[in-house]
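Please look over the aromatic contacts in this model. Notes follow the structure.

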Amino acid sequence: MITLGITGGVGAGKSTILDFLEERYHAFVLKADEVGHLVMEPGRECYEPVIELLGREVIKKEDQTIDRRLVSDVVFSHPDLLEKLNGIIHPAVKRYILEQIKCKKQEKCAVCVVEAALLLEENYQEFCDEVWYVHTEKEIRIRRLMESRGYSREKAESIIRSQASEEFFRTHTDFEINNSGTEKETKKQIEERLGKYETL
């Protein structure tokens, strides 16, 4: 089994790459963001610690789940709380992903893919065979964010500025996918890269 790490800035189109890997290579895909939601569900390991940190006000009355939007609003203006929250969520996410990778190895899965915006910052590369950086031109990313998420240009630019630079991604990854062209061009790059693995 090969384990691929996929990272890149917001609006780079990582989902397109993940969909293709699932479809073409039957890859098992783990998205750190989705796992982050999972570990905060009632009965999961982060549920009580998050409530303890932020108070019972973050619980939705109708189903007792944690209101992630409210959590986001609370920590947005309190960097100290955000740091503590990350200290609860990130290690749990990493543990869950490592467990899943172990299971998939035993199941003889061919390709396992881990996608995370903070993949490098959280040192996920330690257990990935390769880390890929999905690069897309800034203007295309801004347009995507405005169209898909309804962001203003200012908000899109602000989010892009707050993330790691292209240079950082390039320095710390094994392979760069240029996702600024057509879908066909993007797929071709992936197929060529994975062509070196005879078992796929």
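**Aromatic pairs and ring contacts**

1. The count comes to 5 aromatic pairs. Rings of Phe, Tyr and Trp (its six-membered ring) pair if their centres lie within 6.5 Å; planes under 30 degrees apart are stacked, over 60 edge-to-face, the rest tilted. This is a predicted model: local features need pLDDT of at least 70, side-chain atom pairs count only at pLDDT 80 or more, and totals for chains, interfaces and linings use all residues. Residues are numbered from 1 along each chain as its sequence is written, and side-chain values use heavy atoms, with hydrogens and water left out.

2. Trp132 and Phe175 have ring centres 5.4 Å apart and planes at 70 degrees, so the pair is edge-to-face. Trp132 lies in strand β4 (residues 130–135) and Phe175 in strand β5 (residues 175–178), so the pair ties together parts 43 residues apart in sequence. Helices (H or I, at least four residues) and strands (E, at least two) are DSSP runs, numbered from the N terminus.

3. Trp132 counts as buried at 0% relative accessibility. Phe175, at 16%, also counts as buried. Buried means under 20% relative accessible area, exposed over 50%, partly exposed in between (1.4 Å probe, protein chains only).

4. Tyr133 and Phe169 are stacked, 4.8 Å centre to centre with 10 degrees between the planes. Tyr133 is in strand β4 and Phe169 in helix α8 (residues 166–172), 36 residues apart. Both residues, Tyr133 and Phe169, are buried. Together with Phe168 they form one aromatic cluster.

5. The charged end of Lys104 sits over the ring of Phe28, 4.2 Å from its centre. The cut-offs: NZ of Lys or CZ of Arg within 6 Å of the ring centre and within 35 degrees of the ring normal.
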